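Thanks for making the time this morning. I would like to walk you through a few local features, so please keep the picture in view while I talk.

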Amino acid sequence: MQFGVLGPVEVRADGADVPVGGPLVRALLAMLLLDAGRLVPVERLIDGLYGEEPPSGAANALQSQVSRLRRGLGDPALVEGTPAGYRIAVRREDVDVHRFQRLVADARAAGRHEAAGLLREALGLWRGPALAGVGAPFAAGQAARLEEERACAVEEYGEALLAEDPGAAVAALRDLVDAQPLRERARALLMRALHRSGRQAEALAVFEDGREVLAEELGADPSRELADVHLAILRGEAPAAVRANLPAQLTSFIGREEELRRVGRMLADGRLVTLLGPGGAGKTRLAIEAAARDGGEVCFVDLAPVVSGDVGRALLGALGLREAGMRPAPGEQPPDTVERLVTALEGRRVLLVLDNCEHVVAAVAELAHRLLNACPELRVLATSREALAITGEALRPLPPLELPPPGAALAELPRYPAVRLFLDRAAAVRPGFAVDEGNAAAVLRICRALDGLPLAIELAAARLRSLPVVEVATRLDDRFRLLSRGNRTAPPRHQTLRAVVEWSWDLLDEAEQTLARRLTVFAGGLTLEAAMGVCGLDDADELLVELADKSLVQSDGSRYRMLDTVRAFCAERLAAAGEAERFERAHAEYFAELAGRAEPHLRGAEQLEWLELLAADHGNLHAALRRTVRSDPATALRMIAPLSWYWWLRGRVEGAALASDLLDVVGTAPPEGLDEEYVLCVTNAVSGGVTGERAVAWLDRAAELLRAIDRPVRYPAVIVLWALTAGPERTDIEVFQRQVGDDPWTRALVRMSDGFLAQFGGDLAEMEKACEEAVRGFRACGDRWGTANSLDPLAQLASLRGDRERARALLDEALDLVGQLGALEDTADLLYQRAVVHIRAGDLDAARADYERGAELARRAGTPDKVAGGCLGLGTVARLRGDAAGARALYEAALTGYGSERFIAAAVRGAALVGLGWLAADEGDAGRARALLREAVDMSFDHPIFGYQADAATALAGLAAREGDGERAALLLGAGRALRGVAVSGDPDTERVLGRVRGLLDDDRAAALPRDRAFALLGGG
């Protein structure tokens, strides 16, 4: 979809208009589009739509408009709601105003020729006055702001056209001056355009008109700018020519467009800009492109072959000056190099490009400082692997080329700069080469393994001359040997990948080289504290900063990271020094201690900052765990235990594979004193989908070890994860009560557990009381996970009672809390619950959107039983829509497609059987329907807490009603009501059966069926 506010508010899909609704709906859409992708608070929406006199129940009125907008757009998921506000979930680039603003910003950073094209495209997005036809209170101010942005863009467009097409500039500027005669900048630009078009008399007339308007309307004289242009026209002044000595380029410029714009802005705002980055990052090419687009005089100096004492002479040569070009007068000393440079550059507006400064950085810094002080019109653009470190220097570290994210679609891959560069250079040596399903994985592996470094990617692409792309990807483990052939005409340091890194390595002193090789034990980055704790050097923190300054590591201000190519080179040095085992062990010990220190903080108000801290070191934690699985299983178990709650809060079964590998090593005999650690290891392995005899043996051994723990557990996560993984039959309640602690968090956890058990037992009053107490307890601790999971059953209760608004509000709050944690599995669960609310409200589109989003999150989390839960919900939506074939496929996928030994997986399988039973009944196959429902009910007796029993009772009631047995149908409906603990409101299956029963009977005689009688009746079918 494409959205427009630069004119009448419009929505277009596949080239056709989408009628979204009336004036208020369009006004609401416009407000959301102006902040596309961002949350707009409810209060601001109400003020913007209704002004100072909102209607009573303004929040409900707003909700009604949101519902109309969702229906008009045809996709409820496009308008996301939270208790705080609403967000339209579209790309900003799909909204004309944001595309306009992006194009204008790009133009301001571009050269004149490119700027004109960008501004032309931006102004072409306007279809009329901004927000035309929108009468809501917010519109007038926003429209005025946008019209001012448009006028500024027209002025900039006119200025960009002056040199190339002054006639076109006249046409653009004339309309603006006529519409806004007091805009003096536009008038000045129009005068200049007319003058350059040879229309001096018209230009002078425009000035006179402006002078009269200013005098009449403002009582003011023309501004200095306008007067100066007037004087220049009278004098007949013309612009001076410019020159540049930039090297011509033989290949296309790819992948640095955003950096190019940034550098353009930096050169416009400052006088000294330094591009920083490791060898092969593309600093030189970016500097050449930026200088070419600057539009003024440029002098390019390649300092790579120059030694410190010859920097000044190299610059003289680039300027075309002979070293002894000036003969001194008798008795005078010949001018030194700097004096000659100052004389040559003073008064000239020149951009000096100093390329490859790293090996002569001190000399370059001194010379640049002298020249910038003496020559006010001079600007300098330097490239280096470390900063010049002089006053006024603006730094632009050059990041790697952007890589596609995991899961990117095939058609999207060429849009990412790293892939685009590889494809362009590959096509040069193998014409017709393109990314396709057969080679996409290899292309991605190459670009990722080479860190998105342009030179490395170009070297790899060149190998396609003689090797298949898959072979190039396979050989990257020995990247320095593979990429040992490059451009013969390039400088030696750019001819091979090893030479690129070696050039930087050789510029380090011995201490810096020692730290650089030891840093290779880290994975995914590190902090100064980690370097101090692992690398065995007293000044590791200072040395690390030095390495960052020299582009051997990258830094975002708090963390440091080695590019994989640099890391591979330094790892060779670590192995050659015989230090690998020692520092891998130090690394594992450091991060085991960090995990243990973080664990208690994950259950309180500090959990977000500690989650962020652990997430930042995710790669290090997993690398340490991976190294110790076989070399030191006891340390691995001690790491898995504190990491288990971290993984759970993130909603990802990330430790499952490592836990499974560790259990294969440990077997069923964990080291002494590590029983809790073993139990948590088992829960991680089983949650990740390990099934069969291995999983059963591990669960049995873990249950045995857990029963022997006769004290409060050291890791409260044991209580939660064991209950969710093993289920009631492997949980001894007496032992459990001895193992729970008495701290505030655990007390809240116990009340939450009481609430769930009361819910499963049909005692909804006790459930409500317990969960409300749990919410208060978790809120007092500051724990978002516990608060969200205690709000969930309260939302379910509100939904059962028919209070949809309260149910959605509670679920939206819970989703916001788990969203702060990044908890994928919990988010999926809550989305599934919200989908049920949507189903009971009759909104199947919204339900489908929540199920689809939840299933995708469950896939990302690596939880097969929760993916199955998404299939189950989507199957129900398909069934209620009448799509029997689609529903059957989804139910069968939920039943058999996602194996898991977690006991809660059985709940999904049982509910899927109920769904298949409904389908069989609707097709008239009562025998198969009854068999499926009987199988589901039999499964539930092994797990009496499963809530689908009530759904099975409703389905059996439907069968009885179809057979004309109204009394049995009524009894079974009563059984379902008793098992839920409340008469469900809005459930489409229950309403359908109830309608049939009322057609057979005069009353509902099972309304007050006792719970034990309900179980007995269900058992009898």
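In this predicted model, three strands make up an open sheet, whose order is 4-6-5 and whose pairing is antiparallel. Strand 4, at 40-41, and strand 5, at 79-82, are the edges of that sheet, and because each has a single partner strand, one side of each is left without a neighbour there. If you follow strand 5 across to strand 6, residues 85-88, you will find the two running antiparallel and joined by 4 bridges, and within this pairing E80 stands opposite R87 of strand 6.

Let me turn now to the helices. Helix 18, which spans residues 454-462, is mostly covered, with 7 of its 9 residues buried; among them are P454, L455, I457 and L459.

In helix 15, residues 361-374, we come to H369, which counts as partly exposed because its relative accessibility is 36%. The C-alpha atom of H369 lies 9.4 Å from that of L272, although the two residues are 97 apart along the chain.

Finally, which residues gather in a patch of negative charge on the surface? They are D509, E510, D538, D539, E542, E546 and D549, and the largest share of this patch, 3 residues, is contributed by helix 24, residues 540-549.

Methods: Residues are numbered from 1 along each chain as its sequence is written. This is a predicted model: local features need pLDDT of at least 70, side-chain atom pairs count only at pLDDT 80 or more; totals for chains, interfaces and linings use all residues. Side-chain values use heavy atoms; hydrogens and water are left out. Buried means under 20% relative accessible area, exposed over 50%, partly exposed in between (1.4 Å probe, protein chains only). Two strands pair if DSSP finds at least two bridges between them. Patches are made of residues with over 30% relative accessible area and no salt bridge: like charges are joined within 9 Å, nonpolar side chains (Val, Leu, Ile, Met, Phe, Trp, Tyr) within 5 Å. Accessible areas come from the Shrake-Rupley method with a 1.4 Å probe; for residues, only the protein chains shown count as cover. A salt bridge is a side-chain nitrogen of Lys or Arg within 4 Å of a carboxyl oxygen of Asp or Glu. Lys and Arg count as positive and Asp and Glu as negative; His and the chain ends are not counted. The place of a charge is taken as NZ of Lys, CZ of Arg, CG of Asp or CD of Glu.
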